[in-house]
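Thanks for making time this morning. Please bring up the sequence and the model on your screens, and I will talk you through a few parts.

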Amino acid sequence: MKIAILGGDGFVGWPTALHLSDAGHDIHILDNLSRRWIDTELGVQSLTPMDSIQERTRIWHAETGRRIHFNLIDLARDYELLKNWLAEHRPDAIVHFAEQRAAPYSMKSDRHKNYTVNNNVNATHNLLNALVELGLDAHLVHLGTMGVYGYSTIGAAIPEGYLPVGIETMGGETVSQEILYPSNPGSIYHMTKCLDQLLFQFYARNDGLRITDLHQGIVWGTHTEQTRRHAQLINRFDYDGDYGTVLNRFLIQAAIGYPLTVHGTGGQTRAFIHIQDSVRCIELALKSPPGHGSRVEIFNQMTETHRVRDLAEMIAGITGSKIAWLPNPRKEAAENELVVRNEKFLSLGLDPIRLEDGLLSEIVDVAKKFAYRVDRSRVPAVSAWTKEIAPLINHDP
Ligand code: USQ
């Protein structure tokens, strides 16, 4: 297939581009390189040394003989460029990662809130709009988030996108209907993914677009089969308080002797998936497009759930690290249960990678190798969810 990967220079986009290229597909990355600009804005860098996208694709070609094409396009701002590119190349499928993906970054200031909403919602809408205008019947696979469901304290199993409900009619009868699971975002970033869901519902129903939305959990790990092939194919690996995600942060903190930064009681339960499984799931989704006239296909792209304090205690047990119990910069339930249905990917053949000591130690080793690149002052999470929380987390103890 000819596949456009929007946001193909990012943390999940890059290994996906390599994985799909390796599987024989013709890969075209469209990216505005905003993630690299945000590193510059924040004054941080990936733990792993990353080359330019052009250099990365050159090395991939030298290693495999396969080409990955790169196009510098800002989906949110360059609608005409995007439309012209799609008209010229007419891809069979499109994988859409091109959104600002960090919850803490989206909450930093009014400017960051505006940026995240404008960027994410416009990017998705421009894409859908262009597909309809061009009559392009490409299968769109979007990287969404488990966070659209929110984290209730009830603990009922979360279905894959749609919830059966009984509704009482005027005549007193109960009829059953499936509705999109009620969204309950915990940050401006997560809110944009809820808005994306509505855009998808409309365009699938109104224009018959074929759309798959992947509600992904927190990704851990850094390497995939392809990124291991050459030092310059390495994936990015974030550790800072805005972009580093919880398990990867704990592993890097363990590697540099920094106390593991648990927010609050660590009672937050979240869904997780290894980066290698993430790219496999995207390939499985591409192989199973919804039919014409179908509703939006939704998968829960996660393999395990864990409580934050259990992860911290597990890593402290393996590495001897200390745990720091910190005031929580976020407004979120202190403790929650989480049960998630994920049968769809399992039935398509996903054999999940489980969180186990060997893999965790391997990541600590990668982190130790590049520990000299870490700026310890960038480790704490300092983006507060509300003005009331800010003094609690920004005070000098
Ligand atoms: N947390 C800590 N200590 C830390 C960092 C985080 O206790 O040092 C806690 C947070 O308070 C939160 C949980 O760990 O309760 C998860 O935080 P996270 O930063 O790992 O994940 P999150 O902000 O939810 O976002 C990440 C990705 C996002 C993706 C989402 C999937 O950045 O792109 O959509 O995971 S999910 O969480 O399932 O919505």
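This is a predicted model: local features need pLDDT of at least 70, side-chain atom pairs count only at pLDDT 80 or more; totals for chains, interfaces and linings use all residues.

Let's start with helix α7, which covers residues 188–207. That is 20 residues, and the helix reaches 28 Å from its first C-alpha to its last, close to the 28 Å expected.

Is R210 buried or exposed? R210 counts as buried, because 20 C-beta neighbours lie inside 10 Å, and 20 is the number at which a residue counts as buried. If we leave aside neighbours within four places in sequence, the contacts of R210 are H139, L140, P289, P290 and H292. As for D74, it sits 136 residues from R210 in sequence, and the two C-alpha atoms are 23 Å apart in space.

Now to strand β8 itself. β8 is mostly covered, with 6 of its 6 residues buried. You can see this on both faces: I211, D213 and H215 are buried on one side, and T212, L214 and Q216 on the other. β8 runs parallel to β5, and 6 bridges join them. Within that pairing, G144 has H215 of β8 as its bridge partner. β8 also runs parallel to β12, residues 297–301, through 5 bridges. Here Q216 stands opposite Q301 in β12.

There is also an open sheet of 3 strands, in the order β9-β11-β13, and its pairing is mixed. The edge strands are β9, at 218–220, and β13, at 304–307, each of which pairs on one side only. On average, neighbouring strands of this sheet are turned by 45° against each other, direction ignored. β9 and β11 pair in the parallel sense over 3 bridges, and I218 has F272 in β11 as its bridge partner. Lying across β9 and β11 is helix α9, residues 275–287, which runs at about 75° to β11.

That brings me to the ligand. How many residues surround it? There are 23, and the closest are T145, M146, G147, V246 and H263. Helix α8, at 246–256, supplies at least two residues of this shell, and so does each of the strands β10, at 260–263, and β11, at 269–274. Which element gives the largest share? That is β10, with 3 residues. By type, the shell divides into 9 nonpolar, 9 polar and 5 charged residues.

That is what I had, and I am happy to go back to any part.

Note on methods
Residues are numbered from 1 along each chain as its sequence is written. Helices (H or I, at least four residues) and strands (E, at least two) are DSSP runs, numbered from the N terminus. The expected span of a helix is 1.5 Å times one less than its number of residues. A residue is near a molecule or strand if its C-beta atom, placed from the backbone, lies within 6 Å of it. Ala, Val, Leu, Ile, Met, Phe, Trp, Tyr, Cys and Pro count as nonpolar, Asp, Glu, Lys and Arg as charged, and the others, Gly among them, as polar. Two strands pair if DSSP finds at least two bridges between them. Axes are lines fitted to C-alpha atoms, for helices over the stretch in contact, and angles run from 0 to 180 degrees between N-to-C directions. Two residues are in contact if their C-beta atoms, placed from the backbone, lie within 7 Å. A residue is buried if 20 or more other C-beta atoms lie within 10 Å of its own, exposed if 12 or fewer, and partly exposed in between; C-beta atoms are placed from the backbone.
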